[in-house]
Amino acid sequence: MGSAASPSKKPPAKKAGSAKPNKPRPRPSKGKGPRSSKVIEPTLSAAAVAVAGQHLRIPTNLPVCIVDNGGWTVKYGLVPPPRNDEDINADAGKASENSASMFNATARPPHQLTVLAGDEITTRMKNLGQLSWNHPLERGMICDGETQLRVWTRVLEVLGVVPVPMMMGGGRMGSGGFLATIAAARRGKPAGAVVAAPATMDPTAAAAGGGKQRTIYSSNNCAFLLLEPPFVPSVISEGVDCMLFRELGMARVARMLGPCMAAVRYLSFGQSIPDDAATGSTAANSSGEWINDNTKCCCVVDSGYSFTHIVPTHRGEALSRAIRRLNIGGKVLTNLLKEAVTYRQWNMMDEYHIVNDAKEQLCFITDQFDKEMKQAHGIRKGFRWFDREYLLPDFVNTFRGSVRLPEPLQRKKEMEEMEKIKKEMDRLQDEKEQQELKDEAKDLINMQVVENKAEEDKDAEDPLDNRHGKKTRSRKNKKEKRKIKRKTDKQGIAAKEENEDGDMDESENDSDEESDQQRLQRLKAMRGAERKRREEESLERQALAMSVERFAIPEVLFRPSDIELGCGGIAESIVESINACDPMLRAAMYHNVLLVGGNAKIPGFRDRVDSELRKLAPTNYEVRVHLPNDPASFAWEGAKQFSRQAGFQERYSVDRLSWETMKKAGKNQNDIWGKKIYNAIVQTTIGNENNK
C-alpha cells in the first residue's frame, strides 16, 4: 500500500513548481495592449473576419425562391431580381404567373425502395391509395426534417436551382452529405459531383420550350423566402435554418408570416380591387368595385389543412396579442367524412385521398343548417335536393371520382328538361306561325300595291275605257288569286305527303327539316339510351351516397362543439381576436376581413362568415368580408410583391456568413431574426424579455 501511495504524492510536488522561475517570461509588446497573448487572439480573429467579410459579402439582388409551406401542398415560384424601379411598380398589382403547387409529402410505392417527392407522386403514380405517405408537418409545424428536405430539394430542382450543400465555416460539403447523396441517386453520378456555378442556360429546356432558354442558378446565388405560421417554436426554427443554410446552401434566407403577406397583397390594391382579384361581396359599391378604406388594417382568416388562424394586421404587421388559433382544418374535415362514410356504407378508412377528393367536389356550407336537417328527416333518401353519388375510380379507365345525381333526381331532372324543351318548341312554333301570317299579309299588301299601280297606268293610257276596264280587271284578279291559292294548297299537301313517306333516318339526321313530333321522339330515344348506359355503368362501378354529410361535415368549422371541442367557431374566434385589438382599430378590422387558405374555397364559406359576423359584431360597425379568386395562393402572391421591393433582401433576410458567425457566437433565434422578420410577434417577445 505504501509503494502504491508514493507515486500519487509526486504530482503535487510538480504542481508546486509550476511557476517555472528558471524560464524567462514573454516580454510585452511595445504597444499599449494587454500582456497576455490569449486576449489578443479573439481581437485578431474578429478583424480577420471583418476583412474577409468585405471581400466575401453576399449581394442583395439575388433571385428569390418563394415557398409557402402548407400542410397539404407547398406553393412555390422563382422571382428574378428586378432590373429597375419601373419593373417593381409595374408588377406590384399583377397576379402571379409563375407560381405552382405540389404535394408537401413523400411517398413510397409498395414493394419498392424508391421515394417519390412532391410532383413526382402525381406524375408517376395513378393510384395514390396504395402508397406509403410521409408528411413533414404535424399541426402546422415541421416535425420530419428529412421529409421536408426532400420536398424542398424537389422544389428547387423544378425551379432550376442546383442545391450546393455547405458545411460549417462556409465551405462546400463533401460526398457524405445527405443532400449530395439524394442528388447522386437521381443523376446517377457519385456524390460530391455538383459544382457551384453562377446562373447558366439549360440547352435542353431551350430546345423543349421552342427557343425559350431556362435560367439555371446555384443555391449559393439565390435567396429563399419561407412563409410560415405564427408562433413557430425556436427549436423548429433553428432546425429549419440549418436545413436551408447548410443542407441546401442558400445564400440568403428570409422568413415571413403567411397571413402578413396576404395582408400586404390586400392592402396594395389602391382605391379599388380589380375584378380578377376579387369575387362578389356585399360591401361593393354601385359599380361592383371593392373600395379600399385606406385604414391599413386587415383581419386575415387563414383556414388551411392543419389549422385556422385569425391574424389581425396593421400596416402589414401582425398584432401578436390578438392572434387566435382554431385546431380545425381540412385534415379534420376529411377524417370526419371518412368515418361517416365508413359507418354508413363502404369501408374507406384506408382511402384518404379518395375521400378528400369527394370532400373537395361535394361539400358546401349552408346558412340554414337546422332547417336543412329537419327537412332531411322528412324526405326519403335519394329525393332530397342535395343528395349526390360519388362514383369511385376503378384505376383502369378512370383515375378520379366523378359526381352524379341519384336515380330519382335524374328522372325528375329529365322530366323538367323535357318540359322545358316542349315549352320552347311551342314557343318557336307560335313565333313561326305569327311570322308566316305577317309574311302573307305583307305579300298581299305588295300585290295590291302592284295591281293598283298597274290600273293607274292603264287608265292613264286609255281614259275612255276606264269604267268598263276596271270591272273586268277586278274579276280577272279574283280568278287569278283563287287559282294561286288552290295551287299552293296542292303543293303543300304533296310536300307533306312526300315528307311522311320519306326516309326516317334522313329526317332524324337533319334536324332542320324534321317536324316537332319527330324531334321529341328522337330526344326521348336519346334519353332512354343515356339512362340505360348510366344504369349499366352504375352496376359496374361502386358509388358513395352523399347526403347530409355534404354540409354537416364543414359545419364543424362554425360549431366545434359537434365534435366535442371546447372552443368557439370561426366567427366567435374572429370577434374574440378583434376585441383583443386596440379599440381604435376594431371598426377597421370588421370592415376588412380577408379569407385565405384552402378551406375558403368551400362553396358558401364567405356568405356564412359574413352572416355570422353580422350577428355578433356591434350594430354600428360595418362588416365586409373579402374572398379572392384563388385564396390558396393569395399569400404567395403577396410575398412575391413584397420581395420585389427595393432593399428587401438587405433589410429582411439573413445571409449565410452572418448566420454562421452568430451561431458561433452562441446567439439564439431571437437575436438572429428579431430585427429581420416582418411582423410584430418576435419584436414584442424580445421587448417582453428585456422588460423582465
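Trainee: What does Lys 331 count as at 32% relative accessibility?

Mentor: Start with the cut-offs. Buried means under 20% relative accessible area, exposed means over 50%, and partly exposed lies in between (1.4 Å probe, protein chains only). At 32%, Lys 331 therefore counts as partly exposed.

Trainee: With which residue does Lys 331 form a salt bridge?

Mentor: This is a predicted model: local features need pLDDT of at least 70, side-chain atom pairs count only at pLDDT 80 or more, and totals for chains, interfaces and linings use all residues. Residues are numbered from 1 along each chain as its sequence is written, and side-chain values use heavy atoms, without hydrogens or water. A salt bridge needs a side-chain nitrogen of Lys or Arg within 4 Å of a carboxyl oxygen of Asp or Glu. For Lys 331 the closest N and O atoms are 3.9 Å apart, and the partner is Glu 138.

Trainee: How many residues apart in sequence are the parts that Lys 331 and Glu 138 tie together?

Mentor: Elements here are DSSP runs numbered from the N terminus: helices (H or I) have at least four residues, strands (E) at least two. Lys 331 sits in helix H10 and Glu 138 in strand S7 (residues 137-138), so the pair bridges a sequence separation of 193 residues.

Trainee: Which helices hold Glu 637 and Arg 265?

Mentor: These two side chains also meet in a salt bridge, 3.6 Å from N to O. Glu 637 is buried at 14%, and Arg 265 is buried at 3%. The pair ties together parts 372 residues apart, because the helices are H21 (residues 634-643) for Glu 637 and H9 (residues 258-267) for Arg 265.

Trainee: Are Arg 154 and Glu 120 buried or exposed?

Mentor: Their closest N and O atoms are 3.7 Å apart, which makes a salt bridge. Arg 154 lies in helix H5 (residues 145-159) and Glu 120 in helix H4 (residues 120-124), so parts 34 residues apart are tied together. Both residues are buried.

Trainee: At about what angle does H5 run to S4?

Mentor: Three strands form an open antiparallel sheet in the order S5-S4-S6. Its edge strands, S5 (116-117) and S6 (132-134), each pair on one side only. Strands pair if DSSP finds at least two bridges between them, and S4 (residues 106-108) has three to S6. H5 lies across S4, S5 and S6, and its angle to S4 is about 105°.

Trainee: How far away is the nearest side chain of opposite charge to Glu 372?

Mentor: Glu 372 belongs to helix H12 (residues 369-378). Contact means heavy atoms within 4.5 Å; beyond four places in sequence, Glu 372 contacts Thr 366, Trp 385, Phe 386 and Phe 551. Lys and Arg count as positive, Asp and Glu as negative, with His and the chain ends not counted. Glu 372 is buried without a salt bridge, and Lys 371 is the nearest opposite charge, at 6.4 Å.

Trainee: How many residues are in the largest nonpolar core?

Mentor: Such a core is a set of buried Ala, Val, Leu, Ile, Met, Phe, Trp, Tyr and Cys residues joined through side-chain atoms within 4.5 Å. Ile 574 is among the members touching the most others. Beyond four places in sequence, Ile 574 touches residues including Cys 299, Val 609 and Leu 613. The core's total is 46.

Note on methods
Axes are lines fitted to C-alpha atoms, for helices over the stretch in contact, and angles run from 0 to 180 degrees between N-to-C directions.
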